[in-house]
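Please find below a note on the model under review, written for a reader who is new to protein structure. Each point takes up one topic.

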Amino acid sequence: MTGTLAAVLAALTMTAPVAADDYPDRPVDMVVGFGTGGSADRMARAMSNFLSEELETPVRVTNRPGAGTQVSANYILSRPDDGYTVYASTFAPYLTNTILTGGASYAIDDFSFVNFQWFDLDLIAANKDSGFEDLPSLLEAIRDNPGQVRGSVVQGSAGHLMVRLLLDEAGIPQDNLNLVTYNSGGEARSAVAGGQVHFTSISAEGSEGIREFLTPLAVVNDERIDQWDAPPINEALEPMGLEVPVLQGSMRGFAVSSEMERQYPERFEALSEAIQNTLARKDVQDHLSANDIGGVWVGPERANELMQANYEVFEKYAHLLK
């Protein structure tokens with residue numbers, strides 16, 4: 001009995017939340033799920049210096065790209081759950097898709113999302129010299145000319161799933177489209193800007209740099225937006241009598257392992273407050289705005305709700321990406 005009681009007490013000691021301390025008392029590592037220069041990387045580096053001021057300790061940014069963010073996610077979960085490793089990434093839809101289609105061994109619940117600060121929607125656009133002026137003409141060309149139309153997407157992105165959904169709803173065989181998948185938005189955008197593909201389906205924000213090479217066909221949204229002169233997706237599809245679900249685009253922000261929040265709730269709160277306080281600063285908002293980086297605060301509860309909702313939608317259509 002004595003040995004059993006000691007074991008139980010030891011287990012309780014190991015799993016009970018740890019009392020408040022002087023966190024952070026050493027540098028914090030911020031791990032980005034993508035390579036340098038992409039949207040998640042730009043967000044992380046823009047925030048890191050300001051966040052270090054709030055935390056009063058250095059915040060070191062490193063990149064661990066690969067396998068649609070599976071490499072970085074596994075790394076985060078392999079680190080001590082002590083709050084000194086923060087995950088910066090485009091979580092939706094990439095983390096979702098590593099679970100649904102990438103064979104990841106983790107689950108959404110293994111992560112606690114601190115905040116999503118940058119939301120984006122997708123744009124479907126053709127190369128200006130492709131001859132495509134609207135979405136129906138593009139889909140009809142894919143139907144009538146198997147293998148001849150080429151498109152670019154980021155592997156596992158909302159734009160990728162939207163292309164598959166469009167073909168599915170239109171009754172067009174998936175193999176009719178020569179779809180090229182890339183590991184970064186920059187590569188996918190370069191392909192359509194340079195005419196290697198006829199069209200792309202990709203995050204609208206970040207595509208301004210190739211605007212002169214594009215004919216926008218639709219935005220994946222319920223209404224028009226100021227940035228792009230294109231109809232909402234289902235308005236564009238009206239001539240074909242089609243309708244598709246409006247998928248949530250990218251959601252970028254910060255997370256930690258769920259074990260970190262459970263074992264160190266005070267540290268989780270301190271990190272959350274530091275990010276919230278960083279985003280409340282005018283100089284930070286000015287810096288983010290000048291660099292076309294989102295900077296909203298939704299907080300942990302809402303961020304986790306949004307991530308779960310994204311997972312449920314993508315779970316419904318995940319078979320199209322396999």
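1. Basis of the note. This is a predicted model, in which local features need pLDDT of at least 70 and side-chain atom pairs count only at pLDDT 80 or more, whereas totals for chains, interfaces and linings use all residues. Residues are numbered from 1 along each chain as its sequence is written, and side-chain values use heavy atoms, with hydrogens and water left out.

2. Largest pocket. Grid points are joined across faces, edges and corners, and a volume is the space filled by probe spheres set on the points. The largest pocket has a volume of about 760 Å³. It is lined by 41 residues, of which Phe34, Tyr94, Val154, Asn183 and Ser184 are the closest to its centre. At least two lining residues come from each of α2, α4 (94-100), α6, α7 (185-193) and β8 (199-203); such helices (H or I, at least four residues) and strands (E, at least two) are DSSP runs, numbered from the N terminus. By class, the lining has 10 nonpolar, 27 polar and 4 charged residues. Here Ala, Val, Leu, Ile, Met, Phe, Trp, Tyr, Cys and Pro count as nonpolar, Asp, Glu, Lys and Arg as charged, and the others, Gly among them, as polar.

3. Second largest pocket. The volume of this pocket is about 330 Å³. Among its 17 lining residues, Phe119, Asp120, Leu121, Glu205 and Ile225 are the closest to the centre. The lining divides into 8 nonpolar, 4 polar and 5 charged residues.

4. Largest cavity. The search of the whole structure finds 2 cavities of 30 Å³ or more. The largest has a volume of about 50 Å³. Its lining includes Ile76, Arg79, Tyr84, Val256 and Met260. In this lining, 5 residues are nonpolar, 3 are polar and 3 are charged.

5. Second largest cavity. This cavity has a volume of about 40 Å³. It is lined by Leu135, Leu138, Leu139, Ile142, Val163, Leu166, Leu167, Leu177 and Phe199. Two or more of these residues come from each of α5 (135-144) and α6 (158-170), and α5 gives the most, with 4 residues. The lining has 9 nonpolar residues, with no polar and no charged ones.

6. Helices α5 and α6. The axes of α5 and α6 come within 11 Å and cross at roughly 75°; axes are lines fitted to C-alpha atoms, for helices over the stretch in contact, and angles run from 0 to 180 degrees between N-to-C directions. The two helices are therefore roughly perpendicular to each other (angles under 35 degrees count as roughly parallel, over 145 as roughly antiparallel, 65 to 115 as roughly perpendicular and the rest as oblique). In contact, which means heavy atoms within 4.5 Å, Leu135, Leu139, Ile142 and Arg143 of α5 meet Leu166, Leu167 and Ala170 of α6. By class, this contact has 6 nonpolar, no polar and 1 charged residues.

7. Helices α2 and α10. Helix α2 (residues 39-55) and helix α10 (residues 265-279) have axes that come within 9 Å and cross at roughly 120°. The pair is therefore oblique. Residues of α2, including Met47, Phe50 and Leu51, meet residues of α10, including Ala270, Leu271 and Ala274. The contact of α2 with α10 has 9 nonpolar, 2 polar and 1 charged residues.

8. Backbone details. Most residues other than glycine have a negative phi, and most peptide bonds are trans. Which form does the peptide bond from Tyr23 to Pro24 take? That bond is cis, with omega near -10°, and Pro24 is placed in the loop between α1 (2-15) and β1 (28-32). The peptide bond from Ala92 to Pro93 is also cis, with omega near 10°; Pro93 is in the loop between β3 (85-92) and α4. Glu56, although not a glycine, has a positive phi of about 60°, and its place is in the loop between α2 and β2 (59-63).

Methods:
1 Å grid on protein atoms, 1.4 Å probe; cavity = no way out; pocket = protein on both sides within 12 Å on 5 of 7 lines; lining within 4 Å.
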